Amino acid sequence: MGEITQRKKTACYHCGDLCEGPSIVSDGHDFCCAGCKNVYHILSENNLCDYYNLESAPGIALKNPISKTKFNYLDDENVQKKLIDYADTKIRKTTLFVPVMHCSSCIWLLENLYKLEKGVTHSRVNFLKKTVSITFRTEETSLRKIVELLSALGYEPAINLNDIESQVKKSVNRKLSYQIGVAGFCFGNIMLLSFPEYFGLDQFTKNNFSLLFGYLNMVLALPVFFFSSQDYFKNAIKGLRKNHIGIDVPLALGILVLFLRSSYEVISHSGLGYFDTLAGLIFFLLTGKWFQQKTFDTLSFERDYKSYFPVAVSVLIDGKETTVPVTNLKIGDRIIIRNNELIPADSILMNGEGNVDFSFVTGESAPVTKVSGEIIYAGGRQIGKTIELEICKKVSQSYLTQLWNSEHFAKPSESRITTFQQIVSRYFTFALLFIAIGSAGWWLIFNPVLSLNAFTSVLIIACPCALALSSPFALGTAMRILGRNKFYIKSPEVVEQIAKTNTIVFDKTGTITQPTESSIAFIGDELSNDNKSYIASLTVHSVHPLSKKIYSLLSESNTFDVLNFNEETGKGLEGIVNGTAVKIGSYKYVNENSPQDENNTATKVYVKINADVIGYFIFEHAYRNGLKKLIHELKSTFNLFLLSGDNDKERASMEELFGKNTNLLFNQSPMEKLVFIEQLQKNNKKVMMIGDGLNDAGALRASDLGISVSENTAHFSPASDVIMDASVFEKTNQFINFSVDTTKVIRMSFVISLIYNIIGLSYAVQGNLSPIIAAILMPLSSVSVILFTTVTTMLYAKKNKLK
Amino acid sequence: MSIIYLLLGCSLLMALVFLGAFIWSVRSGQLDDDYTPSVRILFDDIKKKDESSNEKVKNEKTD
């Protein structure tokens, strides 16, 4: 296998990335880096090249090698206990979250893991949850070895502090499926057994079948009543205890009365009862619940800093490196942070050159240079060489993490949402009881025999089945439509919350600007072709993000070989290109003996050719596509605010965008952002917060509706109600309008179900509700409301130009 | 008309068998993941082809 380097831009056979600079050729395929090539060789040696046949270039780029000691903490028994689902003397089972999994090749490779590691007996992927369940023999392999193998293949499992600290293991809740199954089974059979009565069977046959059918119906209704409908009773009682009347109260009342009256009729031989209505009602209700419950499995809306922080770090104890769980870190501990590792606590840089990427925290992706003695806040990611730090605050007490100690994170986030249904059902219940008691009282005076009959009939017919279905189906459909448009909401109720918004607060960096793209301009005399080539030749060798951006700007130019190439992390590059000395980097690096640059707010990269500084590249944040139009649209209906953690160098351009009258606040700490949102709420504003980094987490939580904008929804987003893919940011106004329309649909369907109720009630108050009317009215109202809400919601989506 | 009793018994029994099948399918986790199996089913073909082609190679070698 001869390896030669080529000078042509080719796509990597493994990961599909365009090779920056020369590609590595091996086995007749091009690879962008040694990491990709290694994975290819591991796979080809094990006859697993089908991986490349299923999808083209399915691999994950492995540009940053993983340090050997990274997963040592997995040998710790206590850590293992938390990650292992099942263990006996011989085998263990574990479920690992692999967020990078993205195609069928990934599934195939992960399920063929046993070919690569003998100890693995079985591995199974759940693609929607992006997890792989692995069973392995403890004698032959260990959890650490498996995780290391996965990481070597590019499928590094995400194991974080949250997995280790959380006490509850997530169990799959299948109860609803059973309840629907049982209700459906009983509903079908009861219907079948009820038809003869409706068609007057006993007139044709001499046997008294209806008695038998009645008893059979009653037996079939027992599991529906005692098993399938139990949650409605539980919720109703729970609500009543808290003095809160929800939709569950009239539902439970209706179900109870249906069952009791039907049983009485069957036992007293006075009729067949309403068991078909009962079973149908519960079947429809449960289906609605299921429809509403289906959420986005892959996305996690409850992530806090623990979901991003590592489980363990390397600590220097008596000059030796030991892996210590992050939670056990003490003030004064010396920690070692390698390339691409996260700094878990506020600490002082002792040794090495810090080049820290705070994009998790602020949304700003350009790394910040830190020198010895400087404090580095937790949440930053070191890029480049290994550094040594001394912890100065505990993990939970850091500048960033102390945000989670605030009261907002103590209470569950669901409680702040009041839905239209909740408001309506309170009035509905009282009105219902009033009518039921009223009609019972009326008949007590005029015809006491009919009194109880009328009372129960009212409760049966007015059972708000259609009303209970309208919200789940409208909101569930809306949630699916929004999901298709990459606007993922935590639960269907959030749609109503979006519709109530009247104030929008934006974060700046990473939210309205694009973290990955910035516009580059060269300030100085226009670059000659020669100079362009010199700069390109130098930057092509650097992996620093700024170098890469400069190279991509100049990639058309020819490149030359570089002599004496030298890169100083966080400072710049130098080398001799074609006999010319070229130096590129920070002001200090390039102008060795000059005073400090007077205006260093913007990111600049200076260029020195031979002895002359010819100018600098200036990097400015690029705003998201369609931002101007979006702000213009939103300005007319909402109060807009801007909260930024940065300094106010961009104030002028922001004022141009948002208008002079908008409140623009700069230099805001995470806590100040939270307090600002609270202030707005005290003025009776319904606040929508749109942010992206962990420093917005407090504001997102405190707001009535938190939206986190994410470049890659599988990777990173702070806890929020909505996760919005960055590519659809410009559609924000459409999403809000659509949500408003959806709440209109709920109100319309509420009117429809009320009309059904009034029709039914007009029979019920007269005391002559026949089973056949109930049996027709209940499914008719349910099905028509379901159809109406789904179709209208979809039409509204079209109106708002959503997919 | 006494045949109706028999038919009734049969139909209920049938329905119960289906209910049992449903409960079994939920219990064995078939409803937990409704996407991956749709991809997985396509792999078997490739694997089998692979094995058979390997066998062919083996056979050729033994010949």
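Okay, let's start where the two chains meet: 18 residues of chain B are in contact with 18 residues of chain A. The largest share, 7 residues, comes from α1(B). By class, chain B's side has 13 nonpolar, 1 polar and 4 charged residues. For those classes, Ala, Val, Leu, Ile, Met, Phe, Trp, Tyr, Cys and Pro count as nonpolar, Asp, Glu, Lys and Arg as charged, and the others, Gly among them, as polar.

Some housekeeping. This is a predicted model, where local features need pLDDT of at least 70 and side-chain atom pairs count only at pLDDT 80 or more, while totals for chains, interfaces and linings use all residues. Residues are numbered from 1 along each chain as its sequence is written, and chains are lettered from A and ligands numbered from 1 in the order in which they are written.

How confident is the predictor in the complex? It gives an ipTM of 0.76 and a pTM of 0.78. Chain B averages a pLDDT (the predictor's confidence in each residue, from 0 to 100) of 74, and 67% of the residues score at least 70. Over residues 48–63 of chain B, though, the pLDDT is below 50, and beyond near neighbours in sequence this stretch has 1 contact in the model.

Now chain A. Its C-alpha trace spans about 110 × 70 × 50 Å along its principal axes. It has 25 helices and 29 strands; those are DSSP runs numbered from the N terminus, helices being H or I with at least four residues and strands being E with at least two.

So what's inside? Of chain A's 803 residues, 45% are buried, meaning 20 or more other C-beta atoms lie within 10 Å of a residue's own, again placed from the backbone. A nonpolar core is a set of buried Ala, Val, Leu, Ile, Met, Phe, Trp, Tyr and Cys residues joined through C-beta atoms within 7 Å. The largest one has 187 residues, and A:L278 is among those touching the most other members. Helix α15 (residues 465–484) of chain A gives the most to this core, with 12 residues. Apart from it lies another core of 20 residues, including A:Y534 and A:Y616.

Definitions and conventions
Two residues are in contact if their C-beta atoms, placed from the backbone, lie within 7 Å. A residue is buried if 20 or more other C-beta atoms lie within 10 Å of its own, exposed if 12 or fewer, and partly exposed in between; C-beta atoms are placed from the backbone.
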